[in-house]
Amino acid sequence: MEELSLYHLLAIFFTALVFISKHLLQLKLSKPLAIPILGHLHLLRKPVHQSLASIASKHGHVLRLRFGSRPVLVVSSPSAAEECFTKNDIIFANRPCILSAKQLWYDNTAFVFSPFNPRWRAHRRFTSLHALTPSRLSKLLSEIRLLLRGLYSDDREGFQKIEIRSWFFELTVNLVMGMISGKRYSGEEKRSLKKLLEEIFLFSGATSMEDFVPLARWLGFSSMRRRIEATAKEMDEFLQGLIEERRKLGKWKESSSTIIDIMLTLQDKEPEDYNDVSIKGILESLITGGAETTPGTMEWAMALLLNHPEAMTKARAEIEEHVGHARLVMESDISKLRYLNNVIKETLRLFPTGPLLIPHESSEDCTVAGLHVPKGTMLLVNAYAMQRDPELWEDPLEFKPERFDAESNGDQGYKYKPFGSGRRRCPGETMAWKVIGLTLASLIQCFQWERVGEELVDLSEGMGLSMPMTTPMEVMYKPYPEMLGVLSQLE
Ligand code: HEM
């Protein structure tokens, strides 16, 4: 009897030991290690979306972390993302106040970084009613023609080499600048605007130590402050210059109108919502929204097509079938180009140019996936991680445009949100689709594209808010003989 109870005691002891150590291990795994002052910041490497994806795969798809003194919720699960953008959408409709947004985005008041307030609502309404309307894209076809004419040369024989990013940039920046100020940019002016916008994107995606550790500012640890200040000043002067040019022209009293003209008219009627600073905030949001993400997506799409020549051939065959060679692709053709649309969707799945969307912040306490989320928590929704999650996608790292034929015809739910969701979702999505679709279709219709050498294009991701390719891609191209007739007639 005594032996039996000793045996039982030992059994209970070992079972308990196994249970406790298993539990402790789980506890250890369920939350990454936070260290004093920095919290979980020490775990982050660049690019941050990749680093957060790897933390999520080890520790869970809904994580409450601490970046210095700031609570952060990292969401990489579709059901939790849905909770954030449906039942908690208003609560998460704020943006966090971070150094770069303070300096570069008019003290966090510029449309894209503004808190959720009546002025943001007015500006959002303005962009959908006056700024990002289909009629504003009337210049798209002529900008694409300029691009094609620029690429086409009389040297019809061999391939030529170009860096395609700058061509895509020229197209989108001129489209957006045409809409807002009626201006086109080329030569040196275009180069310096490109540099300025690249800096804005780089710094807007960057966070400074003092965003999370207030002590850092006091100790003067933040080296970024001065660099951001210089960029912000340059951008401000550029935007103010645009406003003054239109003001001097006085055209805003007429009905013809660029976006600046309409805002100057509203300045008379609603001076609070449309003072010069608000106007500059909207302009900056539209210019950066249009001129970084859209060309970036087109560059990724071309890179993927070059690495998968069979997909390029299929896209071209589809254009041949629906459009032929006697004329250029038109906007009305795009909806028929199903494979090309799938190529764009697949590009945005693998390389979303807003991998963590734009940070949101909670304005009240709430719960997500059963976790308590206090007011003032920064929300990072990792679209990049969800769009490459092996639990959610078959062969997630493979480029397979046809997967979008099979997948639930259109709506992928919250596992695929390259433009975000809810109140703060991208207002430029329709415009982006049109620009990307028509530009890629025209390029594939008119020119034969090849890689510079045998090696595959390097698909590594660079830094910054819009996840650019690390190195601007170089490509070889030549016009298709059957398109020479159309190309030579472009004015
Ligand atoms: C492929 C192209 C594009 C992608 C992938 C993209 C993606 C995004 C994403 C992920 C957001 C953040 C959503 C969130 O915070 O939840 C966003 C916001 C925004 N986008 Fe886009 N975008 C694109 C093109 C454009 C274009 C062409 C414009 C305008 C010309 C634009 C203007 C904006 C603005 C103004 C916001 C801020 C909205 C707000 O805070 O209320 N975007 N975009």
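Q: What makes up the lining of the largest cavity by class: how many residues are nonpolar, polar and charged?
A: The lining divides into 23 nonpolar, 15 polar and 4 charged residues. The classes follow from residue type, because Ala, Val, Leu, Ile, Met, Phe, Trp, Tyr, Cys and Pro count as nonpolar, Asp, Glu, Lys and Arg as charged, and the others, Gly among them, as polar. The model is predicted: local features need pLDDT of at least 70 and side-chain atom pairs pLDDT 80 or more, whereas totals for chains, interfaces and linings use all residues. Residues are numbered from 1 along each chain as its sequence is written, and side-chain values use heavy atoms, with hydrogens and water left out.

Q: Why is this space called a cavity?
A: The largest cavity has a volume of about 820 Å³, the volume being the space filled by probe spheres set on points joined across faces, edges and corners. It is lined by 42 residues, with Gly289, Thr293, Ile358, Cys426 and Pro427 closest to its centre. Two or more lining residues come from each of α5, α7, α13 and α18, and α13 gives the most, 8 residues. These helices are DSSP runs (H or I, at least four residues; strands are E, at least two), numbered from the N terminus.

Q: Where does the ligand sit?
A: The ligand sits in the largest cavity, which means that more than half of its atoms lie within 2 Å of the grid points. Its shell draws two or more residues from each of α5 (118–131), α13 (276–307) and α18.

Q: What makes Cys426 a donor to the iron atom of the ligand?
A: Cys426 (SG) lies 2.3 Å from the iron and is the single protein donor. Cys426 is placed in the loop between α17 (403–406) and α18 (429–446).

Q: Which side chain lies 2.8 Å from an oxygen atom of the ligand?
A: A polar side-chain atom of Arg95 does. For Arg424, a side-chain N or O atom is 3.0 Å from a ligand oxygen. A polar contact is a pair of N or O atoms within 3.5 Å, so both pairs count.

How values were computed: Donors = N, O, S within 2.8 Å, 3.2 Å for Na, K, Ca; no water. Polar contact = N/O pair within 3.5 Å; in protein donor to acceptor, adjacent residues only side chain to side chain. 1 Å grid on protein atoms, 1.4 Å probe; cavity = no way out; pocket = protein on both sides within 12 Å on 5 of 7 lines; lining within 4 Å.
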